[in-house]
Amino acid sequence: RGRMTTTALPYTSNMLNVKELLLGRPAFLSGSSVSAHVYNLPDAYDDIDVFLPNMMALSSTAEHLLHEGFEVSDRFSRVWARWLEYGTNKWHTNSLKLTHPDLGEVNLVHKLVGGHPVTSLSGVLESFDFGLLAIGYDLRLGELQDMRGYLFPGMRLDGPLPMMPNKAEAWKNGFISQYNGIREAGRYAKYCRYGYDMSLVKAQLLEGYQAAAEYLHNRDKPEKQQLADIYDKLYLMILLDEIDEIHDASQQIIYLDALDDIMEKLE
């Protein structure tokens, strides 16, 4: 795994160019592209995440980027058309992916947490799973905001960080939704492959999967028993550092709903 530093990348990165395009807008640029910039891991992201406080801001930002040469990604063209025709329901996450021949992919996101819109950079950062993502830009100001020191007082910022405090508490007690539980191992594997030291997150995931599996094994419904088996399998794969295997399985799991299919991918 690569050694983490806080040396910024050159100001020619795609993320910083997107930041300049959106400067002054009510938007929050954060996620893996910003962390890759701060930790000096230039290949440690797939797309650039921009979070908007409401759907009007998302639509306006999308139109602005389309004017700047972006195009709606093929897979999202129907989503965009449906939004324009019917608006959106109260999904917890609404996203639209745009592509540019030079700047790559930008993912515009409007999130609800607990049924309420996320309208601040701090709210966006605390909605992430991993502490290494607690960095971002409020594009109305344009300055890098770093919440790592606040969320993890006394910890070295150039060393491994755990899960976000609220997520860590939920995982410690095994309070994991099926959606999150099945996908979290894949997210963990992705950041391991990026080059981050995920050792503190690993310990928390192991504790959470074990607690959730123990609870589910005591439920009568067959689907609960099967979910417990999946968590047992994920626990073992994380324990044995089978990172590539977890990553490969997660690429297919994310598109599946049936627990039988999910279990098959983990075998």
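The model is predicted, so a local feature needs pLDDT of at least 70 and a side-chain atom pair counts only at pLDDT 80 or more, while totals for chains, interfaces and linings use all residues. Numbering starts from 1 along each chain as its sequence is written, and side-chain values rest on heavy atoms, with hydrogens and water left out.

Start with the rings. A pair of aromatic rings is described by the distance of the centres and the angle of the planes. Here, rings of Phe, Tyr and Trp (its six-membered ring) pair if their centres lie within 6.5 Å; planes under 30 degrees apart count as stacked, over 60 as edge-to-face and the rest as tilted. The count by this rule is 7 aromatic pairs. Tyr191 and Tyr194 make an edge-to-face pair, because their planes stand at 90°, with the centres 5.2 Å apart. Both sit in helix α8 (residues 178-194), 3 residues apart, or about one turn of the helix; helices here are DSSP runs (H or I, at least four residues), numbered from the N terminus. Tyr191 and Tyr194 are both buried, meaning under 20% relative accessible area with a 1.4 Å probe, protein chains only.

Next come Tyr209 and Tyr231, an aromatic pair of the tilted kind, 5.3 Å centre to centre and with 55° between the planes. Tyr209 belongs to helix α9 (residues 199-217) and Tyr231 to helix α10 (residues 222-239), so this pair ties together parts 22 residues apart in sequence. Tyr209 counts as buried at 0% relative accessibility, and Tyr231 does too, at 1%. Elsewhere, ring pairs join Tyr39, Phe130, Tyr191, Tyr194 and Tyr196 into a cluster.

The axes of α7 (residues 165-172) and α9 come within 7 Å and cross at roughly 40°; axes are lines fitted to C-alpha atoms over the stretch in contact, with angles from 0 to 180 degrees between N-to-C directions. That makes α7 oblique to α9, as angles under 35 degrees count as roughly parallel, over 145 as roughly antiparallel, 65 to 115 as roughly perpendicular and the rest as oblique. On the α7 side, Ala168, Trp171 and Lys172 meet Gln204, Leu205, Glu207, Gly208, Tyr209 and Ala211 of α9, where contact means heavy atoms within 4.5 Å.

Finally, His247 lies in helix α11 (residues 243-253). His247 is buried, with a relative accessible area of 15%. Leaving aside residues up to four places away in sequence, His247 touches Ala189, Lys190 and Arg193.

Definitions and conventions:
Helix = DSSP H or I, 4+ residues; strand = E, 2+ residues; numbered from the N terminus. Buried < 20%, exposed > 50% of the residue type's maximum accessible area, 1.4 Å probe, protein only.
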